[in-house]
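Open the model in your viewer and keep the selection tool ready. We will go from stop to stop, picking a few residues each time.

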Amino acid sequence: MVRLVNTIIAVIILLTTLVVTTYYESEGTMPIPPKARIQPDTTVMFGHRLIDNYSWLHDRDDPEVLDYLKAENEYTESMTKHTAPLQEKLYQEILSHIKETDLSVPVRWGEYYYYSRTEKGKQYRIYCRKFENLNSAEEILLDVNQLAEGKNFMQVGIFQISPDHKLLAYAYDDKGNERYTINVKNLQTGEILPDKIENAGGSLVWANDNRTFFYTVPDDAWRFYKVYRHTLGQPVSGDALIFHEQDEAFNIYLGKSKSGKYLFLYTGGKVTSEEYFLKADNPFGRFSLIQPRRKDIKYWSEHHDDHFYIVTNDGAKNYKLVKAPISNPSAGNWKDVIAGTDSVKIENIEVFRDFLVIEARKEGSPQIMVRNFQTAEVHYIEFPEETYSIWPSYWYRQPPNPDYESEYFRFTYRSFVTPNSVYDYNMRNRERVLLKQKEVPGDYNPELYQSEKTFAITDDGVEIPISMVYKKGMVKDGSNPLHLYGYGSYGSCEDPWFSSARLSLLDRGFISAIAHVRGGGEMGEYWYEDGKLLKKTNSFKDFITVAEYVIKENYTSPDRLLASGASAGGLLVGASANMRPDLFKAVVASVPFVDLINTMLDSSMPLTVTEYDEWGNPNQKEFFEYMLSYSPYDNIRKQDYPDMLIMASLNDTRVMYWEAAKWTAKLRAHTTGKNLLLLKTNMGAGHGGYSGRYDYLKEIAFEYAFMLDMVGIYK
């Protein structure tokens with residue numbers, strides 16, 4: 001029966017292809033894909049001769065490069081023209097599930113309630129506050145829509161209120177290249193102060209004098225490597241250099257304790273870090289070192305009374321919690337508070353006056369532990385579903401739960417079927433109150449959908465978790481289209497999240513699944529380390545194992561299975577498509593990191609040196625040969641590839657646009673089938689794509705229309 005159903009589906013898809021072909025024939029000739037010219041560029045490393053025919057695409061200032069990208073965009077538009085009605089339908093459908101005029105849950109901080117809101121028809125959020133109570137007059141702190149006027153892109157990367165709540169320091173990026181401009185606004189007068197700082201980095205922290213702040217700046221490789229101190233009213237050119245990180249593998253981040261008493265300067269890479277502290281009342285003092293850096297040891301700190309509470313992997317692979325006296329916080333004085341275990345990974349902490357909150361992971365799921373400082377009693381907050389996400393609630397780019405004195409811990413909970421839900425949890429009596437659940441217009445009913453967690457087993461017996469969601473009544477007969485997403489790098493945890501846009505796929509019979517492959521952090525630090533460096537191919541094998549599992553268990557079939565990944569997830573699906581192209585009908589890769597060797601050999605490029613501890617240093621023979629063995633761009637060969645939609649952004653500083661462009665060109669030159677290869681480059685955005693919410697939704701509608709087109713669904 002399953003074989004018959006699959007045969008019928010294959011015939012439908014074939015007929016759909018003929019219909020699309022007939023459409024183009026009726027309009028004229030079939031569009032011809034752009035053909036990038038070949039200009040061989042040879043690199044010899046460790047006896048390997050690498051020929052890159054498309055390295056000329058690296059020069060974004062070359063008019064020929066821009067013309068090529070535009071030609072690819074035009075080709076993509078022509079080849080998806082028949083889905084334009086479906087795109088519009090999907091966009092309107094997705095929009096109908098979003099409350100366009102909405103309000104975040106207000107956060108009490110000092111004498112103010114802070115919140116953000118959206119207005120129908122406006123692309124960006126408006127940041128506001130009210131004094132003392134929610135019936136007071138609204139103050140608009142920053143309307144990002146006004147900031148974005150006349151610009152194609154706008155992202156606010158820093159948003160820091162001064163301790164006396166009279167000033168706002170914010171930083172914006174209007175190109176997508178993550179180079180920020182800092183402005184300071186007087187919240188009492190509305191005046192923008194003359195203290196404008198260009199080319200700033202990603203973090204800023206106020207001292208308690210309300211006139212001094214510290215900020216980071218990037219180098220040419222987009223590494224935050226210096227910290228400066230600025231005093232309002234003084235020339236920026238005279239800002240004092242406070243710290244210069246010489247190690248090219250390290251980045252600097254600035255923070256402040258919840259108590260408000262200490263500033264922290266964290267500098268670290270993927271596997272090693274160190275941290276400095278300074279009394280926030282003494283901005284012209286000198287930062288003191290907590291513990292000198294030691295290879296493969298990471299730590300970060302928070303403040304409580306006369307101690308620092310420190311999360312570290314020193315002697316604990318899954319991290320542990322220690323404390324040390326502020327008077328002498330070096331490692332020799334660290335005392336265990338919560339010991340490390342193989343079964344629970346400690347990820348972060350929040351310190352209140354009376355309570356300590358520990359964010360952890362156990363058996364693949366996020367956990368929240370609460371510890372009473374007086375009694376040392378520890379309890380877990382319980383959650384109702386098998387698969388879910390949780391995180392401390394925060395107001396835009398401010399520290400979460402800003403009231404140090406509070407006994408309430410505010411968090412957000414969501415799952416595949418439960419929209420974002422904000423709770424206040426009383427850490428003393430363990431009662432929780434739902435403050436707001438994100439409204440989903442259009443009669444959304446979670447009872448119509450089913451989420452589940454299952455496992456695929458690799459050849460060597462490793463269980464790979466899979467989270468999935470589908471509409472109830474789904475029959476496992478191989479006929480269901482299935483969207484399989486994966487990431488699997490940096491120890492990132494891809495916990496299930498609610499998406500009102502995803503309903504458009506689920507309601508059309510799709511199954512949506514996440515493959516929690518090694519290299520991610522879902523199962524702890526061991527899981528992460530088993531999918532990085534010289535074990536990276538485990539990530540691809542796991543993804544393939546999951547694909548084989550959902551086919552074998554008749555959730556779907558190869559001509560109904562669509563894979564997607566973004567950034568390092570693009571490497572995951574790109575490598576998997578090279579290894580097992582027969583498993584996938586189509587692949588969607590967004591800003592894909594696929595040209596591993598060329599990127600990692602160029603130490604002048606953004607993020608390259610900082611990535612050595614994730615992928616390896618290709619200047620070393622062992623790493624070079626291992627990385628070469630799986631690099632998606634270098635392992636393209638003559639074979640029949642799945643249909644592919646590849647998306648890039650011209651101003652991306654994390655994954656350069658040319659990785660996607662070269663990958664597309666080389667795939668076209670090597671595929672032996674008639675698969676569709678589309679490249680779409682956003683000419684005015686960065687790594688995250690469109691910054692405006694309506695533009696972003698249109699991009700989702702475009703992707704979904706492509707996926708539906710691949711399985712012959714047009715309604």
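Select Tyr449. Tyr449 is buried, at a relative accessible area of 7% (buried means under 20% relative accessible area, exposed over 50%, partly exposed in between, with a 1.4 Å probe and protein chains only).

A word on the numbers. This is a predicted model, where local features need pLDDT of at least 70 and side-chain atom pairs count only at pLDDT 80 or more, while totals for chains, interfaces and linings use all residues. Residues are numbered from 1 along each chain as its sequence is written, and side-chain values use heavy atoms, with hydrogens and water left out.

**Ring pairs**

Rings of Phe, Tyr and Trp (its six-membered ring) pair if their centres lie within 6.5 Å; planes under 30 degrees apart count as stacked, over 60 as edge-to-face and the rest as tilted. That rule gives 36 aromatic pairs.

Now select Phe224 and Tyr253. How are their planes set? They are edge-to-face, with 90° between the planes and 6.3 Å centre to centre. Phe224 is in strand S14 (residues 224–231) and Tyr253 in strand S16 (residues 251–256), so this pair ties together parts 29 residues apart in sequence (strands, E, are DSSP runs of at least two residues and helices, H or I, of at least four, numbered from the N terminus). Phe224 is buried at 14% relative accessibility. Tyr253 is partly exposed at 40%.

Go back to Tyr444 and Tyr449. Their ring centres are 5.7 Å apart and their planes at 20°, so this pair is stacked.

Next, select Phe383, Tyr388, Phe409, Phe411, Tyr413 and Tyr423. Ring pairs link them into a cluster.

**Charges over rings**

Select Arg129 and Tyr112. The charged end of Arg129 sits over the Tyr112 ring, 3.8 Å from its centre (NZ of Lys or CZ of Arg must be within 6 Å of the ring centre and within 35 degrees of the ring normal). Then try Lys476 and Tyr555. Here the charged end of Lys476 sits over the ring of Tyr555, 4.5 Å from its centre.

**Last stop: helix H11**

Select residues 621–630, helix H11. Which residues are buried in helix H11? They are Phe623, Phe624, Tyr626, Met627, Leu628 and Tyr630. Now show what they pack against: strand S1 (41–45), strand S2 (48–52), helix H7 (537–552), helix H8 (568–579), helix H9 (596–601) and helix H10 (612–615) (contact means heavy atoms within 4.5 Å).
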